[in-house]
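Keep the 3D view open as you read.

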Amino acid sequence: MPPGMLTGMTTHLAMAPPSIRQAAQTARHVPSRPVRRRPGWRRFGWMPLAPAAVTLAVMLSGITSSSYWGDETATISAVSRPLPRLIAMLGHVDVVHGLYYLLIWPIAQVAGTSELVMRLPSAVAMAAAALGIAAIGRRLSSPLAGLLAGLAFAAEPVVSLWGQDARPYAMTVAAAVLASWLLLPVLERPGAARLAAYAASVALLGYLSLTCLLLVAAHAVTVGRAWRTAPD
């Protein structure tokens with residue numbers, strides 16, 4: 001502040017009535033308090049956790065109500081083998097499910113091959129997919145949109161079907177959601193690291209299911225629309 005202005009302010013304060021001078025002196029000694037703002041709806045970062053918790057609860061409900069069916073017995077047969085025999089088997093059959101078997105194998109060795117143990121990874125994968133869907137909806141629209149999208153996902157009968165199944169399909173769904181989530185930062189600000197993360201998620205999706213690579217076509221449409229609507 002310029003010295004002349006400071007001198008003028010001091011002079012006016014000295015000539016002011018005692019009540020004004022006292023109020024000014026008191027104001028100098030009152031510490032400033034930070035303004036507390038209530039967290040808005042959009043700041044609730046925990047919101048995607050609600051659909052994930054609901055989905056997991058739905059998946060666990062009745063997860064052991066039925067015994068293993070045909071394809072699940074193939075999983076049990078594969079993960080019950082010693083690891084060298086499992087790897088040798090993948091050289092001849094079921095190589096498309098190899099990653100899934102290798103992920104489930106240590107679980108089976110430690111916790112056994114009961115219906116709950118073998119189906120639990122699928123239930124967790126579906127809960128992770130619900131988390132990702134809610135996060136995508138929150139990022140693209142609002143927390144409410146993400147919450148409703150995640151809850152709608154949890155209510156789908158096909159989600160319960162594959163979320164209570166000892167097969168890799170629930171993990172495939174989670175990989176598809178992950179790829180969709182990793183596409184968003186690429187659209188916002190492309191970069192080598194972001195592109196590499198997205199490419200890795202697509203590769204994982206393709207290994208789990210070649211058919212699900214059709215998702216890349218949908219992503220291409222999304223990218224095209226984003227470029228068309230982007231400001232010059």
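A word on the ground rules comes before the tour. This is a predicted model, so local features need pLDDT of at least 70 and side-chain atom pairs count only at pLDDT 80 or more, while totals for chains, interfaces and linings use all residues. Residues are numbered from 1 along each chain as its sequence is written, and side-chain values use heavy atoms, with hydrogens and water left out.

Let's start at helix α4, residues 70-79. Helices here are DSSP runs of H or I with at least four residues, numbered from the N terminus. In α4, Glu72, Thr75, Ile76, Ala78 and Val79 are buried, where buried means under 20% relative accessible area, exposed over 50% and partly exposed in between, with a 1.4 Å probe and protein chains only. Seen down the helix axis, these buried residues fall within an arc of 165 degrees, so they line one face of α4; the arc is that of the directions from the axis to the C-beta atoms. Their cover includes α5 (83-90), α6 (98-111) and α7 (115-140).

Now for the interior. A nonpolar core is a set of buried Ala, Val, Leu, Ile, Met, Phe, Trp, Tyr and Cys residues joined through side-chain atoms within 4.5 Å. The largest one has 32 residues, and Leu86, Tyr101 and Met118 have the most contacts inside it. Two or more residues each come from α4, α5, α6, α7, α10 (169-188) and α11 (192-208), with α7 giving the most, eight residues. Apart from this core lies another, of seven residues, including Val186, Tyr198, Val202 and Val223.

Next, look at α10 and α11. Their axes come within 9 Å and cross at roughly 160 degrees; the axes are lines fitted to C-alpha atoms over the stretch in contact, and angles run from 0 to 180 degrees between N-to-C directions. That makes α10 roughly antiparallel to α11, a label for angles over 145 degrees. The contact, meaning heavy atoms within 4.5 Å, involves residues including Leu182 and Val186 of α10 and Tyr198 and Val202 of α11.

Our last stop is Ile133, in helix α7. Is Ile133 buried or partly exposed? Ile133 is partly exposed, with a relative accessible area of 21%. Leaving out residues up to four places away in sequence, Ile133 touches Ala149, Gly150, Phe153 and Val177.

Terms used: Angles under 35 degrees count as roughly parallel, over 145 as roughly antiparallel, 65 to 115 as roughly perpendicular and the rest as oblique.
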